[in-house]
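Hi there,

Here is the structure I promised to pass on to you.

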Amino acid sequence: MKVNLCGLELDNPVIPASGTFGFGVEHSQFYDINCLGSLSFKGTTREARYGNPTPRIAECGGYGMINAVGLQNPGIDAVCEKQMKVLSHFYKKPVIANISGFSIDEYRECCAKIDRQEQVGIIEVNISCPNVHNGGMAFGTDPKAAAEVTKAVKEVTTKPVVMKLSPNVTDIVSIAKACEEAGADGLCLINTVLGMRIDIRRRKPVIANRYGGYSGAGIFPLALRMVNQVANACHVPVIGCGGVSRAEDVIEMMMAGATAVEIGAANLVNPMVCKEIIDRLPSLMKELGIEHLKDIIGIVNK
């Protein structure tokens, strides 16, 4: 089940997605999380953030959820000085550090600091954040802005940089190619899709922020299509993310072109889901006649 992601050898392609696994502490109470290929920890910003007002989560039947948590996190210095030390006690593999920012300078500063952490194997840069110096447009919705973040981060880091892309665009391939040309070592997609729920009795939006990121099983076909498009257009590894909840979904993502696969909202429904997927993969591989997972990456296009 081994795969090579940006030079990092993973025991398997299963990675909990940022924002759904915290820093691993809670899930380590359910199972030995060292079974994971890696983990992408809580999105981190320069300053500590308490997030958006509540309510900030709305369920969407059996298809997923909408969240507007607002990047709640303790800030980059606390993560480097405390959270990384705590994490190293119960997780012994390289981790993926998810970094968010609201300006180029913030991305540079946070990435430079996290790059010095020994256990960090890959830096995952979330460009779905609003650019406070450009009218609030998300960095990830404009090829030029996405490239600027990529270039700035690469200038201050030594470790592989994976850009996490927003699906809230007309052409995700143009964003992906701009990041690749600016030096990205890999791409992760998709982040959440902008959505909304209304409380028909109160006649008001369910969440205080009005809109939020829609995730869960309902977005899987959309994510799969975008992963396939980007994997076909780019030459760097892709991490597939969006609606994955079963071992079968992992196989689909890899056949579409993903080298590794992140599991997000499913962790909030079933804390054991990543372990269950890892446990199921060997028998599913046998059923499908797959000897090595790396052999099926992008196989639908061969």
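Predicted model: local features only at pLDDT ≥ 70, side-chain atom pairs only at ≥ 80, totals over all residues.

Let's start with strand β6, residues 95-99. Five of its five residues are buried, so β6 is largely enclosed by the rest of the structure. Val 95, Ala 97 and Ile 99 point one way from the strand, while Ile 96 and Asn 98 point the other way. Its partner is strand β7 (residues 120-126): the two run parallel and are joined by five bridges.

Helix α2 (residues 104-115) packs against helix α3 (residues 143-155) at an angle of about 35°, and their axes are 9 Å apart. The crossing of α2 past α3 is right-handed. On the α2 side, the contact is made by Ile 104, Tyr 107, Arg 108 and Cys 111; on the α3 side, by Glu 148, Val 149, Ala 152, Val 153 and Glu 155. Sorted by class, this contact has six nonpolar residues, three charged ones and no polar ones.

Next, have a look at strand β14, residues 238-241. Val 238 and Gly 240 point one way and Ile 239 and Cys 241 the other, and all are buried. Strand β9 (residues 186-189) runs parallel to β14, with three bridges joining them, and Leu 187 stands opposite Val 238. Strand β15 (residues 260-263) is also parallel to β14 and joined to it by three bridges. Here Cys 241 has Glu 262 in β15 as its bridge partner. The chain gets from β14 to β15 through helix α6 (residues 247-256), in a β-α-β crossover that is right-handed.

Finally, a loop residue: is Asn 12 buried or exposed? It sits in the loop between β2 (8-10) and β3 (14-16). Its relative accessible area is 2%, which is under the 20% cut-off, so Asn 12 counts as buried. Leaving aside neighbours within four places in sequence, Asn 12 is in contact with Met 1, Val 3, Cys 35, Leu 36, Gly 37 and Ile 278. Of these, Cys 35 is 23 residues away along the chain, and its C-alpha atom is 8.4 Å from that of Asn 12.

Definitions and conventions:
Residues numbered from 1 in each chain as written. Heavy atoms only, no water. Axes fitted to C-alpha atoms, helices over the stretch in contact; angles between N-to-C directions. Helix = DSSP H or I, 4+ residues; strand = E, 2+ residues; numbered from the N terminus. Left-handed = near helix turned anticlockwise from the far one by under 90°. Contact = heavy atoms within 4.5 Å. Nonpolar A, V, L, I, M, F, W, Y, C, P; charged D, E, K, R; others polar. Buried < 20%, exposed > 50% of the residue type's maximum accessible area, 1.4 Å probe, protein only. Pairing = 2+ DSSP bridges. Right-handed = clockwise from strand over helix to strand, strands pointing away.
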